[in-house]
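Have the sequence and the 3D view open as you read.

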Amino acid sequence: MKDEVLILGGGVAGCAVAISLARKGRSVTLIEREPTPRHKVCGEFLSGEALEDLDLLGINVADLGAAPIHCVRLAAARRAAEAPLPFPAASLTRKTLDAALIARAVDAGVCIEQGRSVQSLRRQGDTWLATLDDGETREAPAVFLATGKHDVRGHARPKDPERWIAFKTYFRLAPDQAAELANASELMLYPGGYGGLQPVQGGIANLCCVVQQRFLAKAGFRWENFLAKMQHDCPHLAMRLAEAEELLCKPVAVTHIPYGFMRSVTEEGLYCIGDQAAVIPSFTGDGISIALHTARCAATAYLAGEPAQLFQAKLRSALLNQMLLARIAADGLNNSFARAVLPFCLRVWPGVMRVTAALTRISQPAAVTSHAIAR
Ligand SMILES: Cc1cc2nc3c(=O)[nH]c(=O)nc-3n(C[C@H](O)[C@H](O)[C@H](O)COP(=O)(O)OP(=O)(O)OC[C@H]3O[C@@H](n4cnc5c(N)ncnc54)[C@H](O)[C@@H]3O)c2cc1C
């Protein structure tokens, strides 16, 4: 069967580009592996840019019950520094967000095939051939690769040398801790990685954390040991999780995340977007906004007849500075010396948060405060 446009992956980037193209009258087919939206590993923070792009797609996250986020807090050992966000931000579960995006795509006229997985993608003449898990082949002259963290055979991204592993779960916090966390996104540092805690809709909190494989090995590759170790190394997290109820029977997890990856080349008719275009370190909370941005740019390029190779090269140049700065900040967070001195920095130099925020595009907070976590 031949399609005009084929979109592989129905997450943030795939749905966004599908909606934009269908609204312009293009005949679009989207293939999504999962039969229905499910929990994904994600901190679920939506930056100001992401909210603007979602609004353009007809999604108002407040209507979906998103929790507003007004400030960021950085916690290391027993100290934390806090900075207000200079833009409106929110958090919303990916299950809710992805379901809303799929619904908007259906409304726009996109033909969605859920529960079908793309096994490989290859070019034959001027046509792309996508082979699905049941052996069926779909053809189109233009393909948007939006499979996120998962690679399609023939288009794999480089391996992740640090072997990152990420987890997400939900907690119902004790009332006093839920009140302290309200409207804040907290970033916590520990050896081998970092974690984020923030309220999402329905009075629950998202804990999303990343760790290098060799550090997880020290916890015997067991979630409960790793959770205990994070709390031991970051008492702020232990305080937040005291008497909390873990809501998923086990966390969702993903391995081998190629942080810092940027796709520089592609082939005719193949537009790579979202995590297939660039993977920014998770602590920035910018992955979703980048996915939406790359989808918007790709739709514009395709509609203007811009070749995919030119689109991909321009996208890379546009994202380069943000990616480099995020990488430098991530190296700082992962550096054991930086982690050791950070508690003192937070006490004597609260402006450290201003620098971290600027590096991660949470730019120029109006005021910064620092306080010790009393335990
Ligand atoms: C630990 C962690 C925390 C993060 N926290 C945040 C955060 O707080 N805020 C933020 O903005 N970003 C965050 N991100 C990044 C964000 O999750 C991603 O950048 C974003 O989801 C990328 O969107 P996407 O559309 O490329 O991929 P996705 O949204 O993951 O969508 C990809 C889709 O493709 C489908 N798919 C995969 N393989 C196939 C296949 N073979 N065939 C068909 N379909 C397929 C999947 O089922 C999925 O629905 C985080 C990432 C990590 C790892």
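For sorting residues by class, Ala, Val, Leu, Ile, Met, Phe, Trp, Tyr, Cys and Pro count as nonpolar, Asp, Glu, Lys and Arg as charged, and the others, Gly among them, as polar. With that sorting, the shell around the ligand has 15 nonpolar, 12 polar and 10 charged residues.

Before going further, some housekeeping: this is a predicted model, where local features need pLDDT of at least 70, side-chain atom pairs count only at pLDDT 80 or more, and totals for chains, interfaces and linings use all residues. Numbering runs from 1 along each chain as its sequence is written, and side-chain values use heavy atoms, with hydrogens and water left out.

Back to the ligand. It is surrounded by 37 residues, and the closest are E32, G43, R94, D275 and I288; a residue is taken as near a molecule if one of its heavy atoms lies within 4 Å of it. Look at the backbone next. A polar backbone atom of A13 sits 2.8 Å from an oxygen atom of the ligand, and for V12 a backbone N or O atom is 3.2 Å from a ligand oxygen atom. On its own the ligand would expose 1,000 Å², and the protein buries 95% of that (areas come from the Shrake-Rupley method with a 1.4 Å probe; for residues, only the protein chains shown count as cover).

Which elements give two or more residues to this shell? They are α1 (12–23), β2 (28–32), β14 (204–212) and α8 (287–303). The largest share, 3 residues, comes from α8. Helices here are DSSP runs of H or I with at least four residues, strands are runs of E with at least two, and both are numbered from the N terminus.

Strand β2 takes us to the sheets. Strands of a sheet pair through backbone hydrogen bonds, either parallel or antiparallel. Here, two strands count as paired if DSSP finds at least two bridges between them. An open sheet of 5 strands runs in the order β6-β2-β1-β10-β17, with parallel pairing. Its edge strands, β6 (111–114) and β17 (270–272), each pair on one side only. From one strand to the next, the twist averages 15°, using lines fitted to C-alpha atoms as axes (for helices, over the stretch in contact) and angles from 0 to 180 degrees between N-to-C directions. Zoom in on β1 (residues 5–8): 4 bridges join it to β2, the two running parallel, and L6 has T29 of β2 as its bridge partner.

There's also an open sheet of 3 strands, β7-β8-β9, and this one is antiparallel. β7 (118–124) and β9 (137–140) are its edge strands, each pairing on one side only. Between β8 (residues 127–132) and β9 there are 4 bridges, with A130 partnered to R138 in β9.

Finally, two glutamates. Are they buried or exposed? E44, in the loop between β2 and β3 (45–46), counts as buried because its relative accessibility is 0%; buried means under 20% relative accessible area, exposed over 50%, and partly exposed in between (1.4 Å probe, protein chains only). The E44 side chain makes a polar contact with the side chain of K168 at 2.7 Å. Such a contact is a pair of N or O atoms within 3.5 Å; within protein, one must be able to donate a hydrogen and the other to accept it, and residues adjacent in sequence count only if both atoms are side-chain atoms. E52, in helix α2 (residues 48–56), has 57% relative accessibility and so counts as exposed. C-alpha to C-alpha, E52 is 9.1 Å from S289 in space, though the two are 237 residues apart in sequence.
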